[in-house]
Amino acid sequence: MRFSRLLLIVALTLPVGACLTAEEQARETAASDDAACRDTGTKPGTPAYAKCREDMSNRRHMSQMAARIGMQNQMWSLQGR
């Protein structure tokens, strides 16, 4: 359930991300992560909240890495034609 919510958040913020500066994107991401962690019932300042924020960041980085790898694979497959 949490992972699907994360995917929904990412999918909704991607189109907006193209129009924002890096600082604005960082604020949007922080706000989104904060909201997602609060939705799970964790409270800022608690170890559970800190772990939730860390997990959100790790998932985002893994997703970005997977997207980059996917694009590289696509480019390699096109070059092999």
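Me: In what order do the elements of the protein run from the N terminus on?

Reply: Helices (H or I, at least four residues) and strands (E, at least two) are DSSP runs, numbered from the N terminus. Here the order is α-α-α, and the totals are 3 helices and 0 strands. The model is predicted: local features need pLDDT of at least 70, side-chain atom pairs count only at pLDDT 80 or more, and totals for chains, interfaces and linings use all residues. Residues are numbered from 1 along each chain as its sequence is written, and side-chain values use heavy atoms, with hydrogens and water left out.

Me: How is burial read, and what share of the residues in the protein is buried?

Reply: A residue is buried under 20% relative accessible area, exposed over 50% and partly exposed in between (1.4 Å probe, protein chains only). Of the 81 residues in the protein, 12% are buried. Accessible areas come from the Shrake-Rupley method with a 1.4 Å probe, and for residues only the protein chains shown count as cover. The accessible surface of the protein comes to about 6,300 Å², and carbon and sulfur atoms hold 61% of that surface.

Me: What share of the contacts in the protein with a separation of 6 or more comes from residues 24 or more positions apart?

Reply: Contact means heavy atoms within 4.5 Å. Among contacts with a separation of 6 or more, 29% are between residues 24 or more positions apart.

Me: Which residues does a disulfide join in this structure?

Reply: A disulfide is a pair of cysteine sulfur atoms within 2.5 Å. The structure holds 1 disulfide, in which Cys37 is joined to Cys52 with an S to S distance of 2.1 Å. The link of Cys37 and Cys52 is left-handed, with -95° about the S-S bond. Because Cys37 lies in helix α2 (residues 22-39) and Cys52 in helix α3 (residues 47-79), the pair ties together parts that are 15 residues apart in sequence. Cys37 is buried at a relative accessible area of 0%, and Cys52 is also buried, at 12%. Apart from its neighbours within four places in sequence, Cys52 is in contact with Cys37, Thr40 and Thr42.

Me: Which residues make up the largest nonpolar core?

Reply: A nonpolar core is a set of buried Ala, Val, Leu, Ile, Met, Phe, Trp, Tyr and Cys residues joined through side-chain atoms within 4.5 Å. The largest one has 5 residues: Ala36, Cys37, Tyr49, Cys52 and Met56. Helices α2 and α3 each supply at least two residues of this core, and α3 gives the most, with 3 residues. The buried residues of α3 are Tyr49, Cys52 and Met56.

Me: How many residues does α3 have, and what is its reach from first C-alpha to last?

Reply: The expected span of a helix is 1.5 Å times one less than its number of residues. Helix α3 has 33 residues and reaches 48 Å from its first C-alpha to its last, close to the 48 Å expected at 1.5 Å a residue.

Me: How many salt bridges does the rule count?

Reply: A salt bridge is a side-chain nitrogen of Lys or Arg within 4 Å of a carboxyl oxygen of Asp or Glu. The count comes to 4 salt bridges. One of them pairs Arg27 with Glu23, with the closest N and O atoms 2.8 Å apart. These two residues are 4 residues apart in helix α2, about one helical turn, and Glu23 is exposed at 55%.

Me: Why can residues three or four places apart in an α-helix point the same way?

Reply: An α-helix has 3.6 residues a turn, so residues at that spacing point the same way. Asp55 and Lys51, 4 residues apart in helix α3, meet in a salt bridge at 3.0 Å, N to O. Asp55 is partly exposed at 22% relative accessibility, and Lys51 is partly exposed at 45%.

Me: Where in the chain do Arg60 and Asp33 lie?

Reply: Arg60 forms a salt bridge with Asp33, the closest N and O atoms being 2.6 Å apart. The pair links distant parts of the chain, with Arg60 in helix α3 and Asp33 in helix α2, 27 residues apart. Asp33 is buried, at 4% relative accessibility.
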